[in-house]
Amino acid sequence: MRAVMLGFVIGAAILQQQAELLALNTLLLIAALSLLLTLLLFKFKCQPWLHLPARLVLAATLGFVWASGYAHFYLQEELPKKWENQDIVLTGTIDNLPFQFEQGQRFNLAVEQVHADDAGDLKPLSQWPSRVALTWYGADRGSDMRQVTAVLPGERWQFRVRLKRPHGNANEFGFDYEAWLLEQGIRATGSVRPDKYGQDAKQYNRKLADFVWTPGTLIEYGRHRLRARIHAALPFAPYAGVLVALVVGDQREISMADWTVFNRVGIGHLISISGLHITMVAGLFAGLVFYFWRHSFFLNLALPLRLPAQKASALAGALMALAYVALAGFGLPAQRTLIMLSVVAVAVWTGRISSFTAVLSLALGLVVVFDPWAVLSPGFWLSFSAVAIIVFATAGEERTKPMGSHTQGVVNTLRSASLMQYALTLGMIPLTMFLFGQMSLISPLANAVAIPLVSLVVTPLTLVGSVMPAPLSGWLLQIAHVLVDFLARFLTYFSTLPFAVWTAPIPTFWLFALAMLGVLWLLAPKAWPLRGLGLICCLPLLLQTAKKPPEGELHVTALDVGQGMALLLETAHHRLLYDSGQGFGLEADSGNRVILPYLHARGINELDVMMISHNDSDHSGGALSILKHLPVELLSSSLNLDSPIVQAAKQHKRCVVGQTWDWDGVHFEVLQPVAASYESTKWKPNARSCVLKVSTKLHSILLAGDIEAIQEDELVNMIPQKLRADILLAPHHGSGTSSTAPFLKIVQPELAIFQVGYLNRYHHPKPEVFQRYADFGIKRLRTDESGAISIQFGASLKTSQFRQENARYWFGR
């Protein structure tokens, strides 16, 4: 059982690393051969030492085939390319919990009918995604503010929308949004278009039915009602979002600042309907049923004679877990816990609970059977690894101890809890570093306080308070909020300590495997020889440093930040960030979503210079987040001196033509703007873009910001000898007002990089401009197609594209 389940998971994990899916006929042939070999393995006796590897290989093959078939089935639905960015009319049902934010609302729509909007004539279309994710803004960009009606789960609506195929930023160590959408069954994303006004007035966006009765919509509407009760009891409460997350699993209302605190102290897993909470609630309910079932003789029921109390409590716990997971909207992490608890309940009913490792491996395999993409989730590996480490570390401990007194019982309980916390803290270090590149040093203390408080007090109070009648519900929810507020203050203090988090570059798989071996050696039973030597295996993981270019060389990474610019330039001992991507809202921006995670995963904990070319939000949007969470020695920019970004900087200097410096054999020179431009009011921010040229002995790159034709002409006429470069960051993302022919002729780049967003609303790069580069024989790369682009300036230029180097079968699907 263990080998089969482990092999199945390995096979599914291998599939998720593939760039292409095998054809269905090939998969059927492989499956048939695997089943035939399995039958032969059981029918004919072979060498005993072959049994285990044979089972592993055959199970891995079946896992690969199963995950491949699963992917084929879900990838059948896709948005036809010709309908991307075209107005269409959808009719469908709101099938999730909508999220309200300042600019509008987001929700998923179960599609029922699709029509093309052809001059007001709605033509039906077929072969369409059954589920899409929509955003409905309160104002159409560039138009007057218009109110939108809040949608509710279960309502049937008609919308005029503009869709695109699943697409996300593609960066090393970054979140794979496309894989997440595939796992959620969402095969297109888009926005609701405003109704037409004026002479061609037509109302497209309207509600067609108040409620469509299905099991899914009933659950989602119930979640909406519980969330509304919490908000009604706690209006404007700062941590109401945390209580909502504990009841219905919706984490979107928790602020980014709070998430930063929770993650730094290592309790992020508690702020949701986590596996721990489901297990705790199910365990508490099972314990109550067990107690009353055994004592039912006092009520003349004699229930244990009809059904053993252990089986009754196991069934009750599983049913409670099912109800709690339903509150979470059957989210995938909650589903994993439900499967694990269901397996345990079945094991109790069938009397096969003797081997917990067999139960754990069966749950592991079943999770992957129902969701092969679970292996891509850090939560999958963290949850199962945590249970496995606890089992491994406590395997040699005595199961029962003489209870000499109540004090001795308390001591034994504390000792067991301390052992489990020690095992978890030590055992999860390699996996945490492999997944996130950091670990919280104060997580044992934070979890010692947070786990009992949140799981045993706050969560039950919130659950009961969300369903009880007023005013009792309000009192219970207010008590829960006070406790969360106390916990947040306690954790905020510790999160600010300089030693709160240990960071290091994300290790290679083999370095992680070596450290994991060392940790297991340390946690082995006391009789295991030389356990302390396990530390030696862990040292390479903890002592590794960030990779740096050799002296005299330059590494440039053009990050995929959507419609924006952000490039990391590295020399042997220095780092410069050119621009910081776009801002998405009050708290979300490229800084905290893309750039900081990338820098932390690389082990880069400070920047020597951050240069913000100009004030446009797609260049400066992430700057404040970076300044807040990462030491930056110098900010160089063309921003106004009263800009919040300038005010937040440790040191600021305006970029002015003529500024030069050398780092580790690499020369940096600012070519634009001139100092007098800061005194003029006639220029837009684009015209003052900081233009930076960076040169090694053999090669150079020109970063042109958002300069336009006038500035290009000035550079061509004033300093043509300094413009020649091997690599050019296309000015203004390839807009129609830049990249003039004289400018390209003088620069003569071998390669041009376009940092643009997928199907961006500016239509950058403009087709005629993009073709102009080709006419000059310039190789063109764009981040919406290549993902992050990395260039090594050594004896030769070496270029890599993330989407090509790390291709997955769901990219572009």
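In this predicted model, Phe668 stands opposite Val694 of strand S19. This placement belongs to a strand pair: strand S18, residues 666–672, and strand S19, residues 691–695, run antiparallel and are joined by five bridges.

The pair is part of a wider arrangement. S18 and S19 belong to an open sheet of seven strands, whose order is S17-S18-S19-S20-S21-S22-S23 and whose pairing is mixed. At its edges are strand S17 (660–663) and strand S23 (779–782), each of which pairs on one side only. On average, neighbouring strands of this sheet are turned by 20° against each other, with direction ignored.

A helix accompanies one part of this sheet. Helix H26, residues 767–775, lies across strand S21 (727–729), strand S22 (751–754) and S23. Relative to S23, helix H26 runs at about 145°.

The structure holds three cavities of 30 Å³ or more, and the largest cavity contains about 60 Å³ of space. Three helices each supply at least two residues of the lining of this largest cavity: H6 (240–248), H16 (443–467) and H17 (472–495). Helix H17 provides the largest share, four residues.

Which residues line the largest cavity? They are Val242, Leu246, Phe262, Ile267, Ile271, Val454, Val458, Val484, Leu487, Ala488 and Leu491. Sorted by class, the lining of the largest cavity has 11 nonpolar residues, with no polar and no charged ones.

Methods:
Residues numbered from 1 in each chain as written. Predicted model: local features only at pLDDT ≥ 70, side-chain atom pairs only at ≥ 80, totals over all residues. Heavy atoms only, no water. 1 Å grid on protein atoms, 1.4 Å probe; cavity = no way out; pocket = protein on both sides within 12 Å on 5 of 7 lines; lining within 4 Å. Points joined across faces, edges and corners; volume = space filled by probe spheres on them. Nonpolar A, V, L, I, M, F, W, Y, C, P; charged D, E, K, R; others polar. Pairing = 2+ DSSP bridges. Axes fitted to C-alpha atoms, helices over the stretch in contact; angles between N-to-C directions. Contact = heavy atoms within 4.5 Å.
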